[in-house]
Amino acid sequence: MNITAMCFSPNGNTKKIVCTIAKSINENFKIIDFTLPQIRENEYKFSSKDLIVIGVPVYAGRVPNVLLKFLDKIKGEDSLCVPVVVYGNRNYDDALIELKTILENNGFCAIAGGAFVAQHAFSKILAKNRPDSEDLAKANDFGKQIADKLNTSHKFKSVKVNGFTPIREYYKPRDRAGNFINILKVKPKTKTELCDNCGICANACPMGSISKENPSEIKGICIKCCACEKKCPTGAKYFDDEGYLYHKTELELEYTRRAEPEIFI
Ligand SMILES: Cc1cc2nc3c(=O)[nH]c(=O)nc-3n(C[C@H](O)[C@H](O)[C@H](O)COP(=O)(O)O)c2cc1C
Ligand code: SF4
Ligand code: SF4
């Protein structure tokens, strides 16, 4: 079997988990990182000799909707897959079953699946420093179990994973009064006095939305991945939208328990 790790990972955590799993199946795995928009223009075809370990972060309890068009361009032909979702300690809701269904509708059989935990992109404290060594040990062990399955079976059945069918609505944040809010249009701001035009944020934006000429300008849509804020070396990028900041605080207060990875095999 050829093993390929595929991921969307603005802050690098999904990539860490997917690569740990793939490496544990076979050290000689290939990697396709589709975080940047130019990579998502490609189409990918796999054969019956391929297994892909494919990971996306959970956004609003689902597969990030900006990825749906690209994911539909990953085609298998009797190929195997391991869908993996990575979430920020709240819940992965229907993201795993959604990713599995997309892949199985395109010629793959999911022989295993997993939901892992990473530091929430919005927060400096929610699931801080995860995935940690325990998470990575679980990812490594999951890879070994997949390798055993590959070595001991010839016919594979689709694995059952948690989630609802039909898939539920996207998770919606609320304001202080408990009313649903829409943060779709929220974008980061820039402290221009701190910005030295280094270009790091524009090169990191998975939507290609930050102007290279003027990094304060967000030309396209913002998915609130927070990569620009986290990667800016001078701390120039920030969010000041009240609803967004309240949502972040509410998550930090409500989801203090340690969510553990769940695997299905
Ligand atoms: C727009 C957005 C929505 C998110 N929604 C959820 C969610 O519904 N549940 C959850 O537990 N974490 C949620 N998260 C946290 C991400 O799943 C977490 O930050 C992600 O795993 C980071 O992946 P990366 O490091 O590969 O970018 C959300 C993050 C963002 C940016
Ligand atoms: S502008 Fe939005 S989408 Fe682009 S890196 Fe920043 S937070 Fe992510
Ligand atoms: S990463 Fe920070 S300093 Fe560099 S261009 Fe972007 S906002 Fe400016």
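Colleague: How many of the 13 residues of helix 1 are buried?
Modeller: In this predicted model, 12 of the 13 residues of helix 1 are buried, so the helix is largely enclosed by the rest of the structure.

Colleague: Which ones are they, in helix 1?
Modeller: The buried residues are Asn13, Thr14, Lys15, Lys16, Ile17, Val18, Cys19, Thr20, Ile21, Ala22, Ser24 and Ile25.

Colleague: And what covers the buried residues of helix 1?
Modeller: The cover includes strand 1 (2–7), strand 2 (30–33), strand 4 (50–57), strand 6 (79–87), strand 8 (113–117) and helix 4 (133–152).

Colleague: What length does helix 1 reach from its first C-alpha to its last?
Modeller: Helix 1, residues 13–25, reaches 19 Å, which is close to the 18 Å expected at 1.5 Å a residue.

Colleague: Turning to the largest nonpolar core, which residues touch the most other members?
Modeller: That core has 53 residues, and Ile21, Val53, Val84 and Val85 touch the most other members. The largest share, seven residues, comes from strand 6.

Colleague: What is Ile21 in contact with, leaving aside its neighbours within four places in sequence?
Modeller: Ile21 is in contact with Val53, Val82, Val84, Ala139, Phe142 and Gly143.

Colleague: Which residues does the second, separate core include?
Modeller: Cys205, Ile218, Cys228 and Cys232 are among the 11 residues of that second core.

Colleague: A change of topic: which residues come nearest to ligand 3?
Modeller: Of the 13 residues around ligand 3, the nearest are Cys195, Cys198, Cys201, Pro215 and Cys232.

Colleague: How does that shell around ligand 3 divide by class; what are the counts?
Modeller: The shell has seven nonpolar, four polar and two charged residues.

Technical notes: Residues are numbered from 1 along each chain as its sequence is written. Chains are lettered from A and ligands numbered from 1 in the order in which they are written. This is a predicted model: local features need pLDDT of at least 70, side-chain atom pairs count only at pLDDT 80 or more; totals for chains, interfaces and linings use all residues. Helices (H or I, at least four residues) and strands (E, at least two) are DSSP runs, numbered from the N terminus. The expected span of a helix is 1.5 Å times one less than its number of residues. A residue is buried if 20 or more other C-beta atoms lie within 10 Å of its own, exposed if 12 or fewer, and partly exposed in between; C-beta atoms are placed from the backbone. Two residues are in contact if their C-beta atoms, placed from the backbone, lie within 7 Å. A residue is near a molecule or strand if its C-beta atom, placed from the backbone, lies within 6 Å of it. Ala, Val, Leu, Ile, Met, Phe, Trp, Tyr, Cys and Pro count as nonpolar, Asp, Glu, Lys and Arg as charged, and the others, Gly among them, as polar. A nonpolar core is a set of buried Ala, Val, Leu, Ile, Met, Phe, Trp, Tyr and Cys residues joined through C-beta atoms within 7 Å.
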